[in-house]
Amino acid sequence: LGLFYDIGANYGIVSLAIAVAKPDCSILSIEPSSLCITGLCRTICSLNRSRWEVVKCALGTKDGEAVLITSEDGQDAYGGLGNTRRISGQVKHENVALKKLDSLWIERGREKVDLIKIDVEGMEIDVLKGGEHLLASCRPYVLLEISRCNLLPLEKSHVEIIQFATDHGYRLLNAKTMEEAKSPDHLKHQMIISEDFLMIPC
C-alpha cells in the first residue's frame, strides 16, 4: 500500500490504524472540522510519524466554500455538509473550503493513490462524482459508508452509488460479508448487514 486518502478523517482513527499496520504507507487525511484537525495533528505529532499529511477542506462536486454542520462540543461523529438530523446537542456551523477530489489530486501532482476511504455522512456520492478523473487514472480501491440514516434526510439514494460504481468499472462489495451487491435492491438488503462497502475496480 503506497498512498492512502482518508476522506472525512475525523480524529484520524482509520488513518491511525493504517499508520500502525502499514508504516511505509503515505497518508493524506482530509477533514474540514477545525476541532477534528486539532486532534488529528496532535495524534500525528505524538507518533512522530513521517509521510502523514493533513488537508483542511470538505470535498464535493465543485470548488468553492461550504458550511459544515457539527456539534458545539465536537463530540458528535455525525457532522457534515448536510443536516442528517443525527447530531446530538447544540448545532454549530463552520465555513469551510470546498474542493473536488480531482482538484486536490491535480494540485498534488496527480500522485498514484492506492486506497481511498470516504465517510462523509451521506455525501459520499458527491465526493465520488468530484473524483472521476482520479478514479479513472489510479483505479484505487474505495472503502465507503452507505448509510440509509444519512442518505434519506439528504434526499440521496443508494441507487446513485451502485450506478456510479457500475458506470465507472467498479464492483461494489459489502465489506463485512464480501458479497457483491449486483442490483439496487440487493444493495439495500446488504446495507442492513453493514454500512461499510468496498469498491473494487473490475
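Trainee: What makes L16, V20 and L47 a nonpolar surface patch?

Mentor: The three residues form a patch of about 250 Å². Patches take residues with over 30% relative accessible area and no salt bridge; nonpolar side chains (Val, Leu, Ile, Met, Phe, Trp, Tyr) are joined within 5 Å, like charges within 9 Å. Areas follow the Shrake-Rupley method with a 1.4 Å probe, and for residues only the protein chains shown count as cover. This is a predicted model: local features need pLDDT of at least 70, side-chain atom pairs count only at pLDDT 80 or more, and totals for chains, interfaces and linings use all residues. Residues are numbered from 1 along each chain as its sequence is written, and side-chain values use heavy atoms, with hydrogens and water left out.

Trainee: Why is V20 called exposed?

Mentor: Its relative accessible area is 61%. Exposed means over 50%, buried under 20%, partly exposed in between (1.4 Å probe, protein chains only). So V20 is exposed. V20 sits in helix 1 (residues 13-21). Helices (H or I, at least four residues) and strands (E, at least two) are DSSP runs, numbered from the N terminus.

Trainee: What makes D6 and K117 a salt bridge?

Mentor: Their N to O distance is 2.6 Å. The rule asks for a side-chain nitrogen of Lys or Arg within 4 Å of a carboxyl oxygen of Asp or Glu. The pair therefore qualifies. D6 is in strand 1 (residues 3-7) and K117 in strand 7 (residues 115-118), so the bridge ties together parts 111 residues apart in sequence. Both residues are buried.

Trainee: How do you know that the radius of gyration agrees with a compact globule?

Mentor: The globule rule is 2.2 Å times the number of residues to the power 0.38, and the radius is taken over C-alpha atoms. For 202 residues a compact globule would be near 17 Å; the protein chain has 16 Å, so the two agree.

Trainee: What is the largest nonpolar core made of?

Mentor: It has 38 residues, and Y5, I116 and L144 have the most contacts inside it. A nonpolar core is a set of buried Ala, Val, Leu, Ile, Met, Phe, Trp, Tyr and Cys residues joined through side-chain atoms within 4.5 Å. Helix 7 (residues 158-167) gives the most to this core, with 4 residues.
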